[in-house]
Amino acid sequence: MSNLTKEEAQALIQEVLEVYPEKAKKDRAKHLAVNDPGAEAKKCVTSNRKSLPGVMTIRGCAYAGSKGVVWGPIKDMIHISHGPVGCGQYSRAGRRNYYVGTTGVNSFGTMNFTSDFQEKDIVFGGDKKLSKLITEIEQLFPLNRGISVQSECPIGLIGDDIEAVSKASSKEISKPVIPVRCEGFRGVSQSLGHHIANDAIRDHVFEREGGGNGVEPGKYDVAILGDYNIGGDAWSSRILLEEMGLRVVSQWSGDGTLAEMEQTPKVKLNLLHCYRSMNYISRHMEEKYGIPWVEYNFFGPTKVAESLRKIASYFDDSIKAKAEEVINKYQPLMQAVIDKYKPRLQGKKVMLYVGGLRPRHVIGAYEDLGMEVVGTGYEFGHNDDYDRTTNEMGNATLIYDDVTGFEFEEFVKRVKPDLIGSGVKEKYIFQKMGVPFRQMHSWDYSGPYHGYDGFAIFAKDMDMTLNNPCWKNMTPPWKASTEDNQKAVA
């Protein structure tokens with residue numbers, strides 16, 4: 001429970017909205033709410049709408065959702081950022097998608113391949129340049145398994161035919177060359193980029209002639225979808241699945257390969273970690289191939305145990321028994337972690353603002369440590385994300401969608417959390433305000449946070465952040481005197 005009552009939280013929202021012009025106030029009011037666990041999300045907040053012009057949104061674009069999230073971590077393919085150099089550089093290696101391989105030889109995840117559009121390319125088109133680039137890539141990096149063309153904004157604006165170039169180049173190099181129409185101006189956030197990327201996998205990977213013949217199907221085959229192996233997350237998850245007797249034949253995108261994606265339509269169950277970015281392909285495989293899918297949450301021992309049992313319920317009694325063995329094996333270890341860190345973290349308040357699944361998935365991990373999430377929201381969530389969130393949150397806590405920089409700062413000043421979990425764009429603002437902060441997009445250069453192994457690291461990181469003595473030398477805004485504030489303004 002938050003320290004704010006429902007009435008106080010609602011009054012806070014109204015107070016924050018007062019700075020906007022009337023039209024903007026009416027628009028932003030739809031995206032801010034006080035949590036009511038019994039209400040439907042569509043009655044709670046409006047989501048997946050265009051950001052309000054003139055405010056500081058924290059969202060990304062469709063290109064970021066496709067190249068930066070879904071396609072980029074596929075390690076044995078080369079992903080061309082087709083357009084100006086900046087987009088490719090910004091989306092390169094920042095998410096810490098770990099992989100096994102030799103970079104530049106058989107793995108390419110942290111490299112930036114770009115067509116480096118210049119003014120002449122805008123005027124005369126870039127099709128010939130793209131074709132030449134693909135030929136050069138094949139000569140320089142012959143062990144790549146395929147190429148994806150991730151189109152940036154100018155490509156859509158000038159009407160380049162990346163589909164025709166990809167088709168011709170694929171015949172030339174005898175490897176898949178996959179066009180992905182993920183121009184950044186499409187949609188309202190990176191969420192559409194996820195959908196576009198999923199559709200490209202459906203059309204160009206699953207339907208590829210000769211694909212998916214590498215592994216003989218087995219009755220315990222599963223695929224991990226939507227785990228991007230940030231800091232090694234997928235590896236710490238995979239350990240548990242294999243210990244309970246399942247065979248993980250594919251995981252993507254983190255540390256994933258083209259062959260693993262091609263093999264996925266033959267598994268018995270799809271395990272969906274990031275619902276927002278991979279639910280589209282999961283639903284497609286359920287409809288076309290009859291493969292069920294299940295969401296799982298490996299943040300914190302409570303949710304890990306729930307998820308292992310849920311996954312095991314799709315298989316026979318031997319898998320169910322092994323799942324219990326795994327849970328019992330790690331329970332004493334997790335209790336030792338909780339006994340060490342919970343006394344130092346008990347009762348601390350957390351506010352979250354992240355993308356994907358984290359605004360709801362990490363709540364259980366904080367609660368295992370005795371901490372309380374008093375506000376959460378999504379950068380690019382949809383109504384079904386909020387449907388999955390409201391019951392995880394306490395009554396009267398703040399829910400905010402596509403929150404603006406101003407709104408988030410004002411909420412923090414009033415709610416006075418002990419810790420904020422958000423992205424790099426917000427990190428330094430709140431640290432300069434004297435508020436402990438964890439970067440929850442890429443684990444602040446730590447991790448993994450998934451699974452039992454990850455929980456021990458998560459607990460240590462939260463303790464290290466909150467109880468760092470440096471915060472004693474800084475004063476949060478709500479503790480500063482009026483005189484201090486006046487000095488800061490001066």
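**Exercise 1. The second largest cavity**

Task: How much space lies in the second largest cavity, and which residues line it?

Solution: 
1. In this predicted model, the second largest cavity holds about 30 Å³ of space.
2. Its lining is made by Arg28, Ser51, Leu52, Val55, Thr57, Asp402 and Thr404.
3. Sort these residues by class: two are nonpolar, three polar and two charged.

**Exercise 2. The largest cavity**

Task: How many cavities of 30 Å³ or more are there, and which residues line the largest cavity?

Solution: 
1. Start with the idea: rolling a probe the size of a water molecule over the atoms shows where empty space is left.
2. The count gives two cavities of 30 Å³ or more.
3. The largest cavity has about 50 Å³ of space.
4. Lys67, Gly72, Ile78, His79, Phe108, Gly109, Met111 and Phe113 line the largest cavity.
5. By class, this lining has four nonpolar residues, three polar and one charged.

**Exercise 3. An open pocket**

Task: What is the volume of the second largest pocket, and which residues lie nearest its centre?

Solution: 
1. The volume of the second largest pocket is about 320 Å³.
2. Its lining counts 17 residues.
3. Nearest the centre lie Gly434, Pro436, Leu466, Trp471 and Lys479.
4. The lining divides into nine nonpolar, three polar and five charged residues.

**Exercise 4. Two packed helices**

Task: At roughly what angle do the axes of α14 and α15 cross, and which residues make the contact?

Solution: 
1. Find the helices: α14 spans residues 301-312, and α15 spans residues 317-345.
2. Their axes come within 10 Å and cross at roughly 175°.
3. Angles over 145 degrees count as roughly antiparallel. Therefore α14 and α15 are roughly antiparallel to each other.
4. On the α14 side, the contact uses Pro301, Ala305, Leu308, Arg309 and Ala312.
5. On the α15 side, the contact uses Ile319, Lys320, Ala323, Glu324, Val326, Ile327, Met334 and Ile338.
6. Sort the contact residues of both helices: 10 are nonpolar, none polar and three charged.

**Exercise 5. A charged pair**

Task: Which residue forms a salt bridge with Glu324, and how far apart are the closest N and O atoms?

Solution: 
1. The structure holds 32 salt bridges.
2. In one of them, Glu324 pairs with Arg309, and the closest N and O atoms are 2.7 Å apart.
3. Glu324 sits in helix α15 and Arg309 in helix α14, so the pair ties together parts 15 residues apart in sequence.
4. Link this to Exercise 4: Arg309 and Glu324 also take part in the contact between α14 and α15.

Note on methods: Residues are numbered from 1 along each chain as its sequence is written. This is a predicted model: local features need pLDDT of at least 70, side-chain atom pairs count only at pLDDT 80 or more; totals for chains, interfaces and linings use all residues. Side-chain values use heavy atoms; hydrogens and water are left out. Axes are lines fitted to C-alpha atoms, for helices over the stretch in contact, and angles run from 0 to 180 degrees between N-to-C directions. Helices (H or I, at least four residues) and strands (E, at least two) are DSSP runs, numbered from the N terminus. Angles under 35 degrees count as roughly parallel, over 145 as roughly antiparallel, 65 to 115 as roughly perpendicular and the rest as oblique. Contact means heavy atoms within 4.5 Å. Ala, Val, Leu, Ile, Met, Phe, Trp, Tyr, Cys and Pro count as nonpolar, Asp, Glu, Lys and Arg as charged, and the others, Gly among them, as polar. On a 1 Å grid over the protein atoms alone, a cavity is a set of points where a 1.4 Å probe fits but cannot get out, and a pocket is an open set with protein on both sides within 12 Å along at least five of seven lines; lining residues have an atom within 4 Å of a point. Grid points are joined across faces, edges and corners, and a volume is the space filled by probe spheres set on the points. A salt bridge is a side-chain nitrogen of Lys or Arg within 4 Å of a carboxyl oxygen of Asp or Glu.
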